[in-house]
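Hello,

As promised, I am passing the structure on to you. Have a look at it first, and then read my notes below.

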Amino acid sequence: EHRPREQEEAEAGGASEEPLVTSERFVFFAPHGSRDADAHAMYADEQTMLPHLRPMFGMSRDAASARRAAQRQSLAARSPSQCLLDIVCRASGAFVGTTGFRALRPGASGEWGAIVRARWRRRGVCGEALDASTRLLRERFGGREVTAVTLATNAPMLSFLAGSGFERTGEFENEWGRQVEWRLALRGAAAGEAARVDAGLARYVGPFLGENLLHRVVELRRKISLSEAPAVRAFLRSHFAEERRSAEAEEKAAEAEAEAAEAAE
């Protein structure tokens, strides 16, 4: 059976080092064999993997290599079933982690996830990884929505997904605990630009449960939206109209007094 040279190279661990997508600080490559050792070290690192990524923690070197070989093979296929990427720092070439879609349906959706090495946490990596993955899903695979599943106990990721515009769609239980399901609909170019702005805001992370600036902005947008509701506007008029008129009257009286003082001088 004849196979394309690119597919043979990918299956052998020599996938092309042309990036699939880029961001401001990172380059996203197919899972190249030269980084298999870095990936295995990440899977073995307690600080990175525990407690929320227990299913992959401590896998053997052979299992990690086989996992990445399957990822390369899928990417080389005509219709990939998954699209997992290595995150590499532009400036240093350091292996930062992995991201992408562990379940991919070209033309429809991708289930997104990310593993970021402990030393790179709280530096906005997930925001750039989500933005880059989303662009790749839309532009290369024609995807229309991003889904995600995370443990109900993974507070930082729950906060990140909510702050990134994902809608919580359900929960289920499996052998690893209660899982929360999320969905993010992809729209046109304008929405893509808005998503890039939001991803930039998500890079600025505060000290509480991984809360980021985007989370605060989303909350502010929600409050502004609520203030425009007819019921809220009626409440504000009925409770604060008199105070507003009184404040305006006091302001006008102060202005008139100031003008009179100037005229007297």
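Here is what turned up, going from the whole protein to single residues.

This is a predicted model, so to speak of local features we ask for pLDDT of at least 70 and count side-chain atom pairs only at pLDDT 80 or more, while totals for chains, interfaces and linings use all residues. Residues are numbered from 1 along each chain as its sequence is written, and side-chain values use heavy atoms, without hydrogens and water.

The protein has nine helices and eight strands (DSSP runs, H or I of at least four residues for helices and E of at least two for strands, numbered from the N terminus). Of its 265 residues, 38% are buried (under 20% relative accessible area; exposed is over 50%, partly exposed in between; 1.4 Å probe, protein chains only).

Thr134 sits in helix H5 (residues 125-141), and it counts as buried because its relative accessibility is 8%. Beyond its neighbours within four places in sequence, Thr134 is in contact with Phe101, Val146 and Leu186 (heavy atoms within 4.5 Å). Across the protein, 57% of the contacts with a separation of 6 or more join residues 24 or more positions apart.

Helix H9 (residues 230-264) holds Glu251, and Phe235 lies in helix H9 too. Glu251 counts as partly exposed because its relative accessibility is 49%; for Phe235, the value of 43% also makes it partly exposed.

Enjoy exploring it!

Best wishes
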